[in-house]
Structures are given as structure tokens and as C-alpha cells.
Amino acid sequence: MRPLVASLAVVLAGSAVLWQATDGFAALTTESARRLAALTETPAVPAFPVETMTGDHLLLPPRDRKATVVEFIYTNCPTICQAAGAEMARLRDRLAAGPLAGRVRLVSLSFDPARDGQAQMTEYGHWHGADGKVWTVARPEAKDLPALLNAYGVTVIPDRAGGFVHNAALQIVSPDGRLTAILGMDDLYGAENALGRALR
Amino acid sequence: MSARLAWATGLIAVAALFRGPIEASPLTHVLMQLPILALAGALIAPYLRFGQGDWNRGGWACLLAAGFGIAFWMLPRSIDATLADMRWEIAKFLALPFLVGLPLAVGYARAHPLTRAVIKAQTVSMLAVMAFLYTHAPMRLCNAYLAEDQYRLGIGFLALAFAAAAAWIAPLLFPTRQQVSGRRAGIGGIRGTVGDSKEEIPCV
């Protein structure tokens, strides 16, 4: 009897720990946990000062009546970011044609502020068709970078070819500065829905 | 006796001192550091007189605990967390020896030969599943590691699956002299001396 009781206790405790560690078996990876947390906890993201491609200084996320889509980039990114830039352009066009026109701001935020100066941001913006108003490119202050990446749950690692790899996604921030959804770069339908919820 | 303790301490020291280069690749992080830490726990098992009571009859409670421990540390997010948060790193250095290696050794020592056989079969198949997962996942499973390194980890799991299968099949194909003489003498194998079992079972 005692061995059975001990084994059952282990199974109960072990299952509880695994349940806790995986958010109820819903998230086995850091990325899925981050996306789930945005939906369920909608954490507030602190406002960080950024400098935009047009030379403006503002706080991100700004506190106005617009929702913000934040994607992370570095401007001399050869492949993935080019595709991501194209997705952002499609998202902008999709939003402009829909009911959320004029209520959403897109920000491509550099995690390489040392190399991404005004010139690089402007060039990247023009290359992808960012107008600096609806969609802008920006960089944070270098000292804020670790806290900023941590607040959004972004991990940046070197790719052994002079560039970086990171968990790229569309981060949806509500007008009151809360991270309300994180979606795949190509999930434009999901992004539009999430923006609709964030603006409700 | 003290040699085991020295080995265990040495293994943990190596895992801690070289954690930078070891954790730079998921292959060495998962398939070298974690087993080293578990092995350290297994080595100190005889000192602790742990798991000798009736509650651990057949080794079930300890084997189950080790199973949950392994499942926990096989989660990609656990591995990610150890790289992002020092508290997780410390937890890993404590949990692998004491919640995986130690209970696995203590549980296995008391396990019925059939239980052991099931564990071995399960180990080979799980290693193969992990190999498939890490070589075929369409996305990165750890935010801290590159896709190409994830693939290498998958190949590592595959190699380990083959190695484990070979190591456990080898005695059947190439029996030791002791096993052969046992057979000649008409003994079906080692009797009743393994684990808690009081029955006479031919040891396969």
C-alpha cells in the first residue's frame, strides 16, 4: 500500500509541476509562453524614448488613442527582415483599406541602435515604403535595449554571419500601453483582429 | 566510497566552470551538461541511504520522480529560462543531480528486470522521438539557439538513440564468459538477485 501511495503522490506532484511549467500544457516553448501571456495577462510595457527615421523623439508606446504594432528589426538584415518588411507593408495596406484606418501606428524598432543611425533608418524606411507617419522606423537608446527587449520578450542572438537572429513577431500594443497580442509576421488577419480588440 | 564523492564533485565543477562554452550550443547543453549533472547525482546515491524504505518498493516512486524531472528539463522553455535567468540556472544545477540522477539510480537499483527492460525500450524510443522533433521542427524551439544548432541537437539525439540501442542489444549478441558458463551449467541466468524481486527470473 505504501509504495502505491508514494507513487501516486509523486505523480500528483509531478503533474502539478509540469502543469504549472507549461501553462496547463499549452506552452512548451518560450515563444508560445510569451504569446499566451500577452493574450491572458496583457502586461503593461514601459514607455521607452525612441528616435524615429524622421528625427523625431517620442515615447514608445505613445499614449494616444491609437494602437501600435511593433516589430523588431536591424536594418542591414539580409533575408528575414526583408520578408518582414514586406509583411509590414501588406499589413499597412490592409489596415488602410479596412475599418481600422487611421487608428493604428506601425513601428519597426531596431535592436541594433549602435549601427542603425538616422541614415540607415531612413534608407530602410524608404526601401520598404515606410512613410514615417503611419509606419515609421525607430531606434531606442542603447542603455534601454536590455530592458526593452525584456519587456517585449524578445531574444536576440548572433547568427555567426555578422548578423542576428531573433524571435520575430508582430507585437500588438493597445492605446493604454498594454501588450495584448503577439502574432507571426505573416498572420495579418490575426493582427487585424487583435488590433480591433485592442481598440475596442 | 570517497572516490564516488570526488567524481560527483568534479563533474558538477566541470559543468559549472565550463558552462559558458557548454551552454553555447544546445547539443552540449542538453546532451552533455544535463547528463553530467544527473550522473553526479547518481554517484552520490549510495551515501544518502535514500529510497531504501518500503515506500520505494520496486523503485516506482523514485523512477516516476526521475521521469517527471526529465520531462521538465526536456521542455525547450526550461532550457531557454536557464540561459535568461540565473535562478533557473541554479535550479538546474540542483534539480538534475537530486531530482533526476539520484532518484533514477535509486529507483533503477530496486526495479524489477521487466521494469528495467521497459525503461530501456522507452529510453530508446523517446530519444528517437526527440531526434525527429529537433531535426524536423519547422520553427526554432529555443529562442536562445539557432535553427542549425537545433538540427545538430536532433542529430545528437539520433546518435544517442542508436548508441543506447546498440549498448543494450550487444550483450545478447556477444554474451560475456560469465553468462555463457551460466547457460552451460543449466542456470537460466542470474536468479533472484536483481532489484527487489524475490522470484526467479532469467536475466535477459
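The model is predicted, so to speak of local features takes pLDDT of at least 70 and side-chain atom pairs count only at pLDDT 80 or more, while totals for chains, interfaces and linings use all residues. Residues are numbered from 1 along each chain as its sequence is written, chains are lettered from A and ligands numbered from 1 in written order, and side-chain values use heavy atoms, leaving out hydrogens and water.

A pocket here is an open set of points on a 1 Å grid over the protein atoms alone where a 1.4 Å probe fits, with protein on both sides within 12 Å along at least five of seven lines; lining residues have an atom within 4 Å of a point. This second pocket holds about 990 Å³, a volume being the space filled by probe spheres set on the points. From chain A, α2, α5, β6 and β9 each give two or more residues to its lining, together with α6 of chain B; α2(A) gives the most, 8 residues. Helices are DSSP runs of H or I with at least four residues, strands runs of E with at least two.

Now for the largest pocket, at about 1400 Å³. Its lining has 35 residues, and Ile70(B), Val100(B), Leu104(B), Ile119(B) and Thr123(B) sit closest to the centre. Here α8(B) gives the most, with 9 residues.
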